[in-house]
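Good morning, colleagues. Please look at the sequence and the structure as I put them on the screen.

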Amino acid sequence: MSVLIVHESMFGNTQRVAAAIAEGVREGRAPEDPEGVRLVSVDAAPTTLGDDVTLLIVGGPTHAFGMSRPNTRADAISQGAPLGTTTGIREWIQAVGVRPGLSVITFDTRVHVHMLPGSAAKMSAKALRDRGFDSTERGETFWVEGTKGPLEQGELERARAWGNTLAHLPAATAL
């Protein structure tokens, strides 16, 4: 059994959150199974999910009130995003083979602005359910101080703790 974490990141904030989630999942798993957590950038993510994947975690930055689009990624690159990518979680969700019954949970990073609507976690959970991933839940939002970051203080620790909690979900511990 394994946990697959697919993430999209432009400025590195979502990547750092995904890595902290992976650390937390590893910390919360049985010592005899430390290798069952894979962290993959959306550019390298598989479009066929093996039967060994028992929990899929998908995360990305919130751009323009939802998941990134080619034009919002291009805008991030023009602002100096060092991890510029042409593929986002939106495109990956459309390309990945559906596994009904697979437990999926989403997360996102967002600028912490009072009353600013929109969430990549919410939109990706909806897109995954619409594609046929019927056991998908919206997870956490992790806060950044501005478009480029950095992450707000304590967010990596919160991501690690959340990952540890996810390690104890039935899907994460199923053999």
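F107 and W162 are both buried. Please bear in mind that this model is predicted. The ring centres of F107 and W162 are 6.4 Å apart and the planes stand at 70°, so this pair is edge-to-face. As for the secondary structure, F107 belongs to strand β4 and W162 to helix α5 (residues 155-166), so the contact ties together parts of the chain that are 55 residues apart in sequence.

The count of aromatic pairs comes to three. One of them joins F107 to F142, again with edge-to-face geometry: 6.2 Å from centre to centre and 75° between the planes. Here too distant parts of the chain are linked, since F107 sits in strand β4 and F142 in strand β5 (residues 135-144), 35 residues apart. Both F107 and F142 are buried. Taken together, F107, F142 and W162 make up one aromatic cluster.

How much space lies in the largest pocket? The value is about 440 Å³. The lining of this largest pocket consists of 24 residues, and P61, T62, H63, V111 and T147 are the closest to the centre. Which elements give two or more residues to that lining? They are α1 (13-28), α2 (70-78) and β4 (103-111). By residue class, the lining comprises 10 nonpolar, 12 polar and two charged residues.

Methods:
Residues are numbered from 1 along each chain as its sequence is written. This is a predicted model: local features need pLDDT of at least 70, side-chain atom pairs count only at pLDDT 80 or more; totals for chains, interfaces and linings use all residues. Side-chain values use heavy atoms; hydrogens and water are left out. On a 1 Å grid over the protein atoms alone, a cavity is a set of points where a 1.4 Å probe fits but cannot get out, and a pocket is an open set with protein on both sides within 12 Å along at least five of seven lines; lining residues have an atom within 4 Å of a point. Grid points are joined across faces, edges and corners, and a volume is the space filled by probe spheres set on the points. Helices (H or I, at least four residues) and strands (E, at least two) are DSSP runs, numbered from the N terminus. Ala, Val, Leu, Ile, Met, Phe, Trp, Tyr, Cys and Pro count as nonpolar, Asp, Glu, Lys and Arg as charged, and the others, Gly among them, as polar. Rings of Phe, Tyr and Trp (its six-membered ring) pair if their centres lie within 6.5 Å; planes under 30 degrees apart count as stacked, over 60 as edge-to-face and the rest as tilted. Buried means under 20% relative accessible area, exposed over 50%, partly exposed in between (1.4 Å probe, protein chains only).
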